[in-house]
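This report describes one protein chain, from its overall make-up to single residues. The sequence and model are shown first.

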Amino acid sequence: MNAHENRLDLLLADADERRPVLDEGLPGDTAQSAPRPRKGRDANHWRRTDADRNDLTLQRWAVIAPEGREGDRMMEAVQPLVALREGEQGAPARVYRVPQGMDAKRSADFRREIYWSEEVAEEDRPLYLMMLGDLHHTSLELQHALANDALAGRIHFADSAGDTDLAGYAAYAEKVVRYARRGTPEASPDLLFYVTPDGSAATVTGKARLVGPSLATSTEASERGKLPAASVREVSAGSVDDLLAGGGGARPSVLLSVSHGLGAPRRGWRREEDSWRRQGALVIGHDEILDAERLRGQTFLPGGMWFYLACLGAGTPAASVYHTWLSQLAQEDRYGGSLKAVLRSLPASGQRPFVAALPQTALANPAGPLAIIGHVDLAWTYSFSGTTSLSEGKKSRIYRPLEVLVRGSRAGIALEALMELYRGANDELAQSYQIEADARAAGRADPTDRAERAHLWMLRNDLRGYVLLGDPAVRLPLQQLALRAEAPAPAPVEVRSTQAEEPAKGAASAASAPAREAAVLAMIRGDEAPRAIAARVMVSLETLWTWVDAYRAGGRERLGG
């Protein structure tokens with residue numbers, strides 16, 4: 001093993017120079033001092049493994065939304081998408097309502113007691129889970145917990161002030177419905193690869209050990225008829241305009257991009273809002289950054305899928321899994337100021353976690369992709385270049401999800417290809433610590449290989465950082481996959497993880513008290529879509545919401561009953 005193979009390269013650039021903050025990388029043996037991960041609750045309860053995982057009539061789809069009025073409005077905005085999935089599966093969509101800011105323990109409790117409730121028939125337990133809200137609404141911890149048993153994705157859209165943008169939710173839902181029902185004339189997608197030509201160690205490694213081998217493998221498979229891609233090609237782009245042109249074709253595409261994600265300036269972000277707006281943007285060069293503002297209104301991967309490999313490309317967590325380890329190395333002062341620059345991009349205590357603005361803009365764009373796989377922490381080249389005692393093809397870890405997408409499977413299945421590898425590394429790491437503990441208890445010498453443990457620690461954490469943004473049930477809108485008929489939407493089934501919220505103020509109306517109360521209870525229980533309830537009682541949607549507020553504030557008396 002040479003020094004280059006044992007180096008840990010990071011895909012992060014600072015916002016001042018737009019250069020890699022850790023271009024020299026870290027020696028691989030530094031990971032031997034990394035702290036032991038928290039004890040995982042990662043038992044996988046896979047079921048219906050003999051059934052087609054693309055078939056929603058067998059696997060089912062559900063929504064997870066935050067409790068409260070904001071969650072209500074998110075649900076209303078995506079109602080056309082909910083109706084689409086209910087029609088596909090021929091059954092009501094379960095709606096799980098959860099409190100904001102669930103930590104790891106509460107997320108594990110939800111997974112065990114509610115998701116795996118014995119009261120739910122196995123054929124009704126949803127495999128696909130679409131989470132609504134930012135990382136402080138429906139927590140990242142919950143998404144991680146559920147990703148062990150389900151195919152979870154998330155959508156969130158915010159305005160420049162960081163407030164929920166319901167128009168973005170509605171635009172995404174409309175786009176998914178439009179592509180699902182109409183499809184495209186295309187029978188096969190393009191498979192695209194892109195590496196920023198900045199000459200940094202991390203992107204050079206990405207080119208040599210991931211993109212180059214993947215391009216060769218997919219080209220050969222396509223030529224032999226083993227991969228149903230219309231074309232396989234590398235995008236050559238030294239500017240944002242070139243990249244947008246390369247990904248702007250009308251045919252649905254799957255794109256793998258490898259770049260540095262934009263991190264904090266040397267003095268940190270001046271305002272937290274600046275990090276929400278810019279952190280995780282795709283850095284091509286000093287004056288060439290594809291951020292949310294630059295992408296807005298541009299055609300880029302219409303109806304496609306994007307594997308965006310960059311630090312913080314999908315979002316920034318409340319706490320980085322690498323923070324303790326990197327802080328220890330920084331205190332040793334063995335790597336100059338580079339590690340301190342990395343730490344500046346990690347969240348400070350009390351800062352809000354958030355979905356990155358670039359993927360938000362891409363998903364809300366009617367001429368943008370349907371789903372994005374990205375990283376919600378520091379992204380290293382380790383997931384495809386990490387060394388191990390086993391002789392495995394490293395690029396296959398990333399290439400496999402691309403293959404899944406090109407073949408027309410749903411986006412959640414593509415992410416699951418990564419999560420299977422994560423669970424394997426996690427199990428091996430836990431076993432290493434257990435072997436050490438057993439040897440200590442028996443008074444024997446520790447037989448574990450610390451270099452191998454360091455490899456497993458890096459691999460586990462790098463893989464764990466990947467998440468899916470978008471509905472996990474989306475798939476490429478290929479001609480043969482378009483839905484040919486619409487089924488009537490059944491009434492949703494709502495599940496709340498806590499007791500009902502405290503009421504809020506509202507106003508009554510001239511409609512009869514029993515009718516108002518029945519409409520409000522239907523809203524609260526999720527018996528029907530809000531728009532359908534409003535139409536049934538012949539009032540506006542806004543009036544219906546005021547009834548709900550009034551009922552929550554003071555019960556039926558406030559409704560005039």
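Is arginine 60 buried or exposed? Arginine 60 is buried, with a relative accessible area of 15%; buried means under 20% relative accessible area, exposed over 50%, and partly exposed in between (1.4 Å probe, protein chains only).

## Basis of the model

The model is predicted; local features need pLDDT of at least 70, side-chain atom pairs count only at pLDDT 80 or more, and totals for chains, interfaces and linings use all residues. Residues are numbered from 1 along each chain as its sequence is written, and side-chain values use heavy atoms, with hydrogens and water left out.

The average pLDDT of the chain is 85, and 84% of the residues score at least 70; pLDDT is the predictor's confidence in each residue, from 0 to 100. Residues 41–46 have a pLDDT below 50, and this stretch has 23 contacts in the model beyond near neighbours in sequence. A contact means heavy atoms within 4.5 Å. Residues 388–393 also have a pLDDT below 50, with five contacts beyond near neighbours in sequence.

## Overall make-up

The chain holds 20 helices and 19 strands. Helices (H or I, at least four residues) and strands (E, at least two) are DSSP runs, numbered from the N terminus. Of the 561 residues in the chain, 58% are buried. Among contacts with a separation of 6 or more, 79% join residues 24 or more positions apart.

## Nonpolar cores

In soluble globular proteins, nonpolar side chains tend to be buried together. A nonpolar core is here a set of buried Ala, Val, Leu, Ile, Met, Phe, Trp, Tyr and Cys residues joined through side-chain atoms within 4.5 Å. The largest nonpolar core has 128 residues, and those touching the most other members are Leu132, Trp306, Trp325, Leu326, Leu378 and Trp380. Helix α16 (residues 411–441) supplies the largest share of this core, 10 residues. Another core, of 15 residues, lies apart from it and includes Ile64, Met131, Leu142 and Ala150.

What does leucine 132 contact, leaving aside its neighbours within four places in sequence? The partners of leucine 132 are Val63, Ile64, Ala65, Pro66, Met74, Met75, Val78, Thr138, Ile155 and Tyr169.

## The α16–α17 pair

Two packed helices are described by the angle between their axes and the distance between the axes. For α16 and helix α17 (residues 450–464), the axes come within 9 Å and cross at roughly 145°. Axes are lines fitted to C-alpha atoms, for helices over the stretch in contact, and angles run from 0 to 180 degrees between N-to-C directions. The crossing of α16 and α17 is left-handed; that term applies if the near helix is turned anticlockwise from the far one by less than a right angle, and right-handed applies if clockwise.

On the α16 side, the contact includes Leu418, Leu421, Tyr422, Leu429 and Glu436, and on the α17 side it includes Arg453, Leu456, Trp457, Arg460 and Leu463. The residues of the contact divide into 11 nonpolar, two polar and six charged. Ala, Val, Leu, Ile, Met, Phe, Trp, Tyr, Cys and Pro count as nonpolar, Asp, Glu, Lys and Arg as charged, and the others, Gly among them, as polar.

Serine 432 is in helix α16 and counts as buried at 11% relative accessibility. Leaving aside neighbours within four places in sequence, serine 432 is in contact with Thr448 and Arg453. Serine 432 and leucine 456 are 24 residues apart in sequence and 9.4 Å apart in space, C-alpha to C-alpha.

## Residues with positive phi

Arginine 60 lies in the loop between α1 (56–59) and β4 (61–66). Its phi is near 70°, a positive value in a residue other than glycine. Leucine 301, in the loop between α10 (292–295) and β14 (305–309), has a positive phi of about 55° although it is not a glycine. Leucine 301 counts as buried, at 0% relative accessibility.

## Two further buried residues

Methionine 102 is placed in the loop between β5 (94–98) and α4 (104–115) and is buried, with a relative accessible area of 4%. Beyond neighbours within four places in sequence, methionine 102 is in contact with Ser107, Phe110, Ser139, Glu141 and Leu142.

Valine 404 lies in helix α15 (residues 396–406) and counts as buried at 17% relative accessibility. Leaving aside neighbours within four places in sequence, valine 404 is in contact with Ser409, Ile413 and Ala414.
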